[in-house]
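Visitor: Please take me through the strand pairing in this model, and then through the helix packing. Give the cut-off for each term as it comes up.

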Amino acid sequence: MNITVLGAGYVGLTFAAVLSDFGHRVWVVRKDSQKNEALKNGQVHFFEPGLEELVKKNLASGRLLPTTNYQEAIPHSEVVFIAVGTPSLSSGAMDITQVLEAASQLGQNLKKGYTLVVNKSTVPPGTTWKVAETIQKNKKRGSNFEISFCPEFLREGSAVQDTLRPDRVVIGAETPRSARILKQLHQPFNAPILQSRITSAELVKYTANAYLALRIVFINQI
């Protein structure tokens, strides 16, 4: 399968490397041209055990394709994942600017025919529908897409292992076709697949993050 991952941080690059290791052809898109050139040479800009070796292996195989060019990646792909950053603002709200920017570029470069777009970035419930609206506003005539949400549950320091062996896969999908594609794509992970509507899946991810934060606060208080 031809896949594009927008974002090359802990989530995006790790997921792209794992998918390419499963035999898919994966473009990983980032804005920073200097970091992109380094990545082409197998240099990862953050430390994550096992990731650099996985990246080098799949660069050599030709299955992992780093680029800064949306037009080079998106039109060739059957599935596009959005995995860009959503940092917290000083108000405590989540900044979804990068997600919507990625959606805009994605829409402008969709191929004719069908593409499944999957939001993987952590976002407040309801955001994935904003992503769909942004793509719809920017897409060209003749292109068709469906939107889904499929969050990550990895930890920094064990991102490769958490991606390879997740304890569950959550799929937020609205149609049988999008659900079928994501289930097929995640079969090699050998993990329980939990399917829901998109907004419910967004809430599952938010709830999981809140619960983990609560545990840390609780034990610190103790």
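Guide: Strand E7 (residues 169-172) pairs with strand E8 (residues 193-196) in the parallel sense, over 4 bridges. Two strands count as paired if DSSP finds at least two bridges between them; strands (E, at least two residues) and helices (H or I, at least four) are DSSP runs numbered from the N terminus. Within this pair, Gly172 stands opposite Ser196 in E8. From E7 the chain crosses through helix H8 (residues 176-186) to E8, and this β-α-β crossover is right-handed. Right-handed is used if, with the strands pointing away from the viewer, the path from the first strand over the helix to the second runs clockwise.

The model is predicted, so local features need pLDDT of at least 70 and side-chain atom pairs count only at pLDDT 80 or more, while totals for chains, interfaces and linings use all residues. Residues are numbered from 1 along each chain as its sequence is written, and side-chain values use heavy atoms, with hydrogens and water left out.

Another right-handed β-α-β unit is made by E1, helix H1 (residues 10-21) and E2. Strands E1 (residues 2-6) and E2 run parallel and are joined by 5 bridges; Asn2 has Arg25 in E2 as its bridge partner. E2 also pairs with strand E3 (residues 64-67), in the parallel sense and over 4 bridges, where the bridge partner of Val29 is Thr67 in E3. Of the 5 residues of E2 (residues 25-29), 4 are buried, where buried means under 20% relative accessible area, exposed over 50% and partly exposed in between (1.4 Å probe, protein chains only).

Now the helices. H6 (residues 127-138) packs on H9 (residues 198-221) at an angle of about 130 degrees, with the axes 8 Å apart. Axes are lines fitted to C-alpha atoms, for helices over the stretch in contact, and angles run from 0 to 180 degrees between N-to-C directions. H6 and H9 are therefore oblique to each other, since angles under 35 degrees count as roughly parallel, over 145 as roughly antiparallel, 65 to 115 as roughly perpendicular and the rest as oblique. Thr127, Thr128 and Trp129 in H6 meet Ile198, Thr199 and Glu202 in H9, contact being heavy atoms within 4.5 Å.

Thr134 also lies in helix H6. Thr134 is buried, at a relative accessible area of 16%. Apart from its neighbours within four places in sequence, Thr134 is in contact with Leu100, Ala103 and Ser104.
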